[in-house]
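Reader: I am new to reading protein models. Could you take me through one, feature by feature?

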Amino acid sequence: MRTPLVIGNWKMHGTLAEARALASAVRDGLRRPRGVEPVLCPPFTALAAVAEILGNGPIRLGAQNCHDEPSGAHTGEISAAMLVDLGARYVLLGHSERRREMGESDAQINRKVRAALVHGLTPVLCVGETGEERRQGLTFTTVEGQLRAGLADVPADGPAKIVFAYEPVWAIGTGVQATPTQAAEVHGYLRGLLSELTSKEAAQAIRILYGGSVNADNADGLFAEPEVDGALVGGASLNPQAFITIVRKAARAGAAARGE
Ligand code: PEP
C-alpha cells in the first residue's frame, strides 16, 4: 500500500512571521497524523524557521526548487546539498510555473532530478498538459514526454525514490480542478509508463499525486480514486485549516482503501 502524501506549496507567499504562524498552526493541528505524510514547502527564506518549528515531528520539510550543481558560481541559486543541510526531505521539480516563467527545460529538470537523488532529497517531479494540449488530445503525449525526459539517465533504482505529481496547467491556481476521472486516467497512464521503465511491482509502490485547485471541498472525490496517492496543494495550503482538512481526508481515504 502507498502512504498518501499531501504537500503544501506555499509558492512566493509570506513574511517570516507569517510562515512561522502557518507552520505552527499546521503542526499543532496535525500532532499525530496516522497513515498520511504531510509536507510543507515554504519559500527558501522561511525554510530554516519552518524546519525549527517542525523539528523531528511527523510533518516533513520540502523546498520549491534546487540547482543541479552541488555548489559553485551560480548567483541566486540553492543546491540540493544546501537543502539537505537545512533538513529538507523533498524538492519540487518541473513545476509548470518554473517551466513557464523561468523557461526550465526538460533537460534542466532532469539534471535537477539527478542532483536531488545524489543528495538523498526526494524529487517531486511535476508533469502536466496545458489547456490547449488537452483540447488537441495531446495530454498523454505531453505527460509521457515530460516523464521520460525527467527520468533520463536516472539510475535503475531512481524512479522508486521519486514522487510524481500530475498537475494539469489549466487547473493550477484557476479554481478549475481536473475531475477525479480525468486525474485517475492520467495517473494510470503514468503508472503504466513507470511499470515499463522499472517493474510492475516497483511502479505499484510509487506515489503519484494530483495537483491543481485542490481544496477542502473537492479533495474527497480525488482521494477516492485508488490511483491518486495524495495531493500537491498550492493556494489552499496557505490556509492552515484547509490544509489540515485535506491531510485528514487523504488519511481517511488511505485507511478506507486498506479496509480499515
Ligand atoms: C501548485 O502550486 O502546485 C498548485 C497545484 O496550486 P493550486 O493548488 O493553487 O492550484
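Author: We start with the ground rules and then go through the ligand, some loops, the cysteines and a few single residues.

Reader: What should I know before I start?

Author: This is a predicted model, where local features need pLDDT of at least 70, side-chain atom pairs count only at pLDDT 80 or more, and totals for chains, interfaces and linings use all residues. Residues are numbered from 1 along each chain as its sequence is written, and side-chain values use heavy atoms, with hydrogens and water left out.

Reader: How many residues surround the ligand, and which are the closest?

Author: A residue is near a molecule or strand if one of its heavy atoms lies within 4 Å of it. Here 14 residues surround the ligand. The closest are Lys11, Glu167, Gly173, Ser213 and Gly234.

Reader: What kinds of residue make up the shell around the ligand?

Author: Sort them into classes. Ala, Val, Leu, Ile, Met, Phe, Trp, Tyr, Cys and Pro count as nonpolar; Asp, Glu, Lys and Arg count as charged; the others, Gly among them, count as polar. By that scheme the shell has four nonpolar, eight polar and two charged residues.

Reader: How much of the ligand does the protein bury?

Author: Accessible areas come from the Shrake-Rupley method with a 1.4 Å probe; for residues, only the protein chains shown count as cover. Taken alone, the ligand exposes 300 Å², and the protein buries 96% of that.

Reader: Where does Lys11 lie, and is Lys11 buried or exposed?

Author: Helices (H or I, at least four residues) and strands (E, at least two) are DSSP runs, numbered from the N terminus. Lys11 is in the loop between β1 (5-9) and α1 (16-29). Then check accessibility: buried means under 20% relative accessible area, exposed over 50%, partly exposed in between (1.4 Å probe, protein chains only). Lys11 has 19%, so it counts as buried.

Reader: And what does Lys11 touch?

Author: Contact means heavy atoms within 4.5 Å. Setting aside neighbours within four places in sequence, Lys11 contacts Cys41, Pro43, Gln64, His95, Glu97, Ile172 and Gly234.

Reader: How do I read a phi angle?

Author: Most residues other than glycine have a negative phi. Lys11 has a positive phi, near 50°. Ser213, also not a glycine, has a positive phi of about 60°. Ser213 sits in the loop between β7 (208-211) and α10. Its relative accessibility is 17%, so Ser213 is buried.

Reader: How many disulfides are there?

Author: A disulfide is a pair of cysteine sulfur atoms within 2.5 Å. The whole structure has zero.

Reader: Which residue pairs with Arg99 through its side chain?

Author: Arg99 lies in helix α4 (residues 96-101). Its side chain makes a 2.7 Å polar contact with that of Asp106. Arg99 is buried, at 16%.

Reader: How do I compare distance in sequence with distance in space?

Author: Val169 and Glu129 are 40 residues apart in sequence, and their C-alpha atoms are 5.7 Å apart. Val169 lies in the loop between β6 (163-166) and α8 (180-197). Phe223 and Thr75 are 148 residues apart in sequence and 41 Å apart, C-alpha to C-alpha. Phe223 belongs to helix α10 (residues 219-223) and is buried at 7%.

Terms used: Polar contact = N/O pair within 3.5 Å; in protein donor to acceptor, adjacent residues only side chain to side chain.
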